[in-house]
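Hi everyone, thanks for coming.

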Amino acid sequence: STQGASGGPVGIINADLIEQVQFYTGALPVNMGGVLSSVMDIRMMSGDPLKNSFKAKIGASEVGVSGIGHFGENTTFIFSSRQSYLQFLFKLLGLPFLPNYIDGQFGIKHRITPKDEISFLFLGGIDRMKLNTEEKGENVEYLLSYLPVIKQNTFTLGSSYSHYGNNSKFNLSLNYNYFNNSNIKYAGNDSSTEDNLILNIKSSEQKIGIRGEQRLYLGRWQLLAGLQTAFNIYECNSYKKEYDNEYYTNMNYFSYAPFMSVNYESYDKKFNAKFGIRADGASFSKELNKFWKHLSPRLQFSYSILPQLIINGNSGIYHQLPPNTALGYK
């Protein structure tokens, strides 16, 4: 992936273990911040409490194994592991770069009591790109002259506790995200001496987050209130011989956001309206710390005129920090 932006054609999540995906292009949920345009909410499957099943798969670019099942009566699991063989295909095709990726995930959910449960989720990926210096030809040699060797590691680890009341639900989640990016390039792809080094970028991002939510179900009304906080760490050591430029940056800051929303549904379920508000703040600067200046109200409604005809409308204001690669640039 491009640090500070998005990724490539292969997702790190195994689609076989996805239960539900909701895509929001407007009226973004107040408990999901740091976005302006859209939100993709991906819900993973729970394990099977009755049986254990496993699957091996050979695809167009990878081999993998996955499973879903349970440990005892109150604990379920899911897992997946995949290894690509694109590097062999690219070498047969004579391409100048050889990508390789490994990814894995697992999830465990344990029911403590009939009203309390705890879950753990891990997602991780390793990306390695090598240069195919054995290939010859004008086009290949041109690409090999500037393509760097890229190494990336990324993973996220989270845990969540939920308590279900008679007309309420409380959720507390903890998460840790890590991303490491390395780009290195030697003139003529000759690494025998450091004098040939023309590009060396080593950059990492870490995020430790906590989110608490309380939901109340009061007949046709539903209330949500919560607080989201995170500690962000960004470190980068960059060297470019072309500009005789080398710099090092180490940045950390807190981000936080209280939020709440109210949802109403009519008795006949034809009309639905939701109002929410969120306030985002960050310790990066004095101005960003003034969270009351970064209010994000949003309003959404839906009315069913006929069973086959529904009118939807929404409006909102959203705030998003620039990526750490921009905030920490020197």
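**Strands and a surface patch**

Let's begin with a pairing: strand β13, residues 271-279, and β15 run antiparallel to each other over nine bridges. Strands here are DSSP runs of E, at least two residues long, numbered from the N terminus, and two of them pair if DSSP finds at least two bridges between them.

Quick housekeeping: this is a predicted model, where local features need pLDDT of at least 70, side-chain atom pairs count only at pLDDT 80 or more, and totals for chains, interfaces and linings use all residues. Residues are numbered from 1 along each chain as its sequence is written, and side-chain values use heavy atoms, with hydrogens and water left out.

Back to β15, where L299 is the bridge partner of F275. L299 also has a bridge partner in β16, namely S315. β15 and β16 pair in the antiparallel sense over eight bridges, and they form a hairpin with two residues between them.

Now, which residues make the nonpolar surface patch? They're F271, F301, Y303, I305, L306, L309 and I311, and the patch is about 600 Å². For such a patch, residues need over 30% relative accessible area and no salt bridge (a Lys or Arg side-chain nitrogen within 4 Å of an Asp or Glu carboxyl oxygen), and nonpolar side chains are joined within 5 Å. Areas come from Shrake-Rupley with a 1.4 Å probe.

β15 gives the most, with four residues.

Note on methods. Patch = residues over 30% accessible without salt bridge, like charges linked within 9 Å, V, L, I, M, F, W, Y side chains within 5 Å.
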